[in-house]
Amino acid sequence: MPTLGLFITLGTFALYCLYGCVLAYHWVRYGASFRIIFLSFGTYAVSGFYLLFAMLAATISFS
Amino acid sequence: MIPELRMRPGEQRLSISRKHWFLFLQEAFSPLIALLLPFLAVGFFVGSGILPGTLFESSFWVLFSSVWLLSCIAWLSTIWTNYILDMIIVTTQRVIFVQQRLLFHREVITIHLENEQNVTVETEGIIATLLGFGALRVETAGALTELAVFDGLPHPEQVKEQILKQAAVCVKEHAEGRHPLLAHKIRQGSIEA
């Protein structure tokens, strides 16, 4: 069960990071202002890392 | 730098307008509801005793809800990206419509002000009337008539006035041979005065 949990956690987070890169590419390439990029990327990254740590904690508690 | 914002010689940017915030809220309504749905549903079932109260503390629930929340955040971010990349740019020579339809579907329509024939504003519905946003349509003259539409523009009347005013200046300059692009080419010697 912890292996499955870890697989789900890391898989989800890898996809989330990859999608974040696609979004960041659009923000930078098509010229959103620095303020918009900072706020958008900040919100995306902070919420992602917060949930990753929650998932990791849940995965560890499986064992 | 926005690729569409690279100005030509003698060209100046007059305004950049994005869609009204209400359109973003309208688009974001579905992911926001989806974000809350499992919490409301499970809360209801736990409250009515169908599911055990300890479910919220279980690792399975934390994993499931985190994956669900991350998906909803990614969905919201896509809508936000499509929203902020939609814009209408008015310069002293052109009107540029930039529409980010999907993440990998971008449409840019450029209309030269001397070709502009008709500018229409349409405000439809109670909310659009109260909040003051509407659709702006710019039609070009000539054999290949082109129509560019920008929906949900805040204060479309002001943008319309700005386009009409600048188009009049542009046509006058063109007729007098003082068009900024022509003047630049004359200075460069690529065409004769």
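This is a predicted model: local features need pLDDT of at least 70, side-chain atom pairs count only at pLDDT 80 or more; totals for chains, interfaces and linings use all residues.
Visitor: Which residues of chain B go into domain 1 and domain 2?
Guide: Domain 1 of chain B is made of two stretches, 13–18 and 87–188, while domain 2 covers 24–82.

Visitor: OK, sheets next. What is the strand order in the open sheet of four strands?
Guide: The order in that sheet of chain B is E1-E2-E3-E4, and the pairing is antiparallel. Strand E1 (13–18) and strand E4 (105–112) of chain B each have a single partner strand, so they stand at the edges and one side of each is left without a neighbour in the sheet. From one strand to the next, the twist averages 10 degrees.

Visitor: How many bridges join E2 and E3 of chain B?
Guide: Four bridges join strand E2 (residues 87–91) and strand E3 (residues 94–102) of chain B in the antiparallel sense, and across this pair Val90(B) stands opposite Val95(B) in E3(B).

Visitor: And which strands form the open sheet of three?
Guide: That sheet of chain B is built from E5, E6 and E7, in the order E5-E6-E7 and with antiparallel pairing. Its edge strands are E5 (116–122) and E7 (147–154) of chain B, each of which pairs on one side only, and here the twist averages 20 degrees from one strand to the next.

Visitor: Where does Val138(B) find its bridge partner?
Guide: The partner of Val138(B) is Ala148(B), which lies in E7(B).

Visitor: Which strands does helix H4 of chain B lie across?
Guide: Helix H4 (residues 156–175) of chain B lies across E5, E6 and E7 of chain B, where its direction is at about 170 degrees to E5(B). H4(B) also lies across E1, E2 and E3 of chain B, running at about 30 degrees to E2(B).

Visitor: Switching to helix H1 of chain B: what span does it reach from first C-alpha to last?
Guide: Helix H1 (residues 21–47) of chain B, with its 27 residues, reaches 36 Å, which is close to the 39 Å expected at 1.5 Å a residue.

Visitor: Where is the kink in H1(B)?
Guide: The kink lies at Ala28(B), shortly before the proline Pro31(B), and amounts to about 40 degrees.

Key. Residues are numbered from 1 along each chain as its sequence is written. Chains are lettered from A and ligands numbered from 1 in the order in which they are written. Domain bounds come from an automatic or database domain assignment. Two strands pair if DSSP finds at least two bridges between them. Helices (H or I, at least four residues) and strands (E, at least two) are DSSP runs, numbered from the N terminus. Axes are lines fitted to C-alpha atoms, for helices over the stretch in contact, and angles run from 0 to 180 degrees between N-to-C directions. Two residues are in contact if their C-beta atoms, placed from the backbone, lie within 7 Å. The expected span of a helix is 1.5 Å times one less than its number of residues. The bend at a residue is the angle between axes fitted to the seven residues ending there and the seven starting there.
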